[in-house]
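Me: I would like to go through this model feature by feature. Please give the general idea each time, then the case at hand.

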Amino acid sequence: MTRDKKGKVVSLTEKRCEGCGVALQTADPGQVGYIPEKALTQDVFLCRRCYRIRHYGETGSVEQDPDAYLKRLDEIAEKDCLVVLVTDLFDFEGSWIPGLSRRIGNRPLLVVANKLDLFPPSVKEGRLKEWVFQLMDEMGLHPADVVLCSAWKGLKINRVMQTIESLRKGRDVYLIGTTNVGKSTLINQLLKKAGRAKEEMITTSPYPGTTLDAIRIPQGDGKYLIDTPGIVRNDRMSEWVSPKELKKVLPSNTIKPRVYQLNEKQTLFFGGLSRFDFVRGKKQPFVCYLSNRLYIHRTKLEQADAIWEKHRGKLLSPPADLSTLLPLQKHVIHLKGTEKEDIVISGLGWIAAGREKAWIEVWAPEGIGVSTRPSII
């Protein structure tokens, strides 16, 4: 530590927040890493932001540089390590890291597909695991293994721990992933299972970007488990809503599929975030896999524009503040009717369609990913 002439601490050499990994400082309360000088007597060093998240549920945002975080991943290709990619089963495509194979080189890869608890009990785990392997193969990656789990519920944590241990072979382990996949929650669960932490060690919150720098956790053999900052994907809806409204967008409980038998020229509004127009096709069911707390409104296509204009931000919410989202962009989707398909709105969820031809138009804010894929369920 260094002090000024009055004896006040102004910098903390090599001291980092144990909750988010950021370098600590006592000089400027308005900057990240601030810790009051009186808190330096505590056994655990937490920056003020982490302290407020844990004790008061605050979720203030922090300016982040996505490119800087991606460049940090490039360092992994030079390390002798096991790479553990934590993904979100509910938003698998949106939780993918662009250029992953190039960034990690030939390092062994374990995929941990988190948030298994969000899927209905009727969904077979073997089917989900096979589906993940299929998508990975399409992306040109061949992981050593795929493990499904729920960090929030503590499901399958022993399996994750055993698989990591069998694959790391005495090496460091880097946990990587995009924001909000539950990476830090998973590490907390692993530490609890190992008997190394009774309480939360790494700060977690529903808001993207809680971990600000790498957190190195020593292992018994002199190697480290390294938690890295979440990679920001601005093409996901979840990155654009406020912390308060994020709780309505990100599911926290098992999804209850909502089925809508639609005639052509009918519309579904997903809050005030997105719009689903069934333009043409036979009457057929569309199954919505979205947060249980997100309001869905059905209407006729001919009335959709007027309802959207009048009720968005009120009946149709979130968002309450319309200025937080970019203008809507139309995505035209033609379902061939040869197989069951999902229409995915990145960071929001998906709509499952059956084996019927259909002309769909999905409206989402500019830049938000909209795509189709073989049905996950």
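Reply: Ile226 lies in strand S8 (residues 224-227); helices (H or I, at least four residues) and strands (E, at least two) are DSSP runs, numbered from the N terminus. This is a predicted model, in which local features need pLDDT of at least 70 and side-chain atom pairs count only at pLDDT 80 or more, while totals for chains, interfaces and linings use all residues. Residues are numbered from 1 along each chain as its sequence is written, and side-chain values use heavy atoms, with hydrogens and water left out.

Me: Is Ile226 buried or exposed?
Reply: Buried means under 20% relative accessible area, exposed over 50%, and partly exposed in between (1.4 Å probe, protein chains only). Ile226 has a relative accessible area of 1%, so it is buried.

Me: Which residues is Ile226 in contact with, leaving aside neighbours within four places in sequence?
Reply: Contact means heavy atoms within 4.5 Å. On that basis Ile226 touches Asp172, Val173, Tyr174, Leu175, Ala214, Ile215 and Arg216.

Me: Which residues of H5 are buried, and where do they lie around the axis?
Reply: H5 spans residues 157-168, and its buried residues are Ile157, Val160, Thr163, Ile164, Leu167 and Arg168. They cover an arc of only 130 degrees around the axis, which puts them on the same side of H5; the arc is that of the directions from the helix axis to the C-beta atoms. These residues pack against strands S3 (81-88), S4 (109-114), S5 (145-148) and S6 (172-176), and against helix H6 (183-193).

Me: How is the packing of H5 and H6 described?
Reply: Two packed helices are described by the angle between their axes and the distance between the axes. Axes are lines fitted to C-alpha atoms, for helices over the stretch in contact, and angles run from 0 to 180 degrees between N-to-C directions. The axes of H5 and H6 come within 10 Å and cross at roughly 85 degrees. H5 and H6 are therefore roughly perpendicular to each other; angles under 35 degrees count as roughly parallel, over 145 as roughly antiparallel, 65 to 115 as roughly perpendicular and the rest as oblique.

Me: Which residues of H5 and H6 meet?
Reply: From H5 come Ile157, Asn158, Val160, Met161 and Ile164, and from H6 come Leu186, Gln189, Leu190 and Lys193.

Me: What follows H5?
Reply: Lys169 follows H5, and its phi is positive, near 50 degrees.

Methods. Expected span 1.5 Å × (residues − 1).
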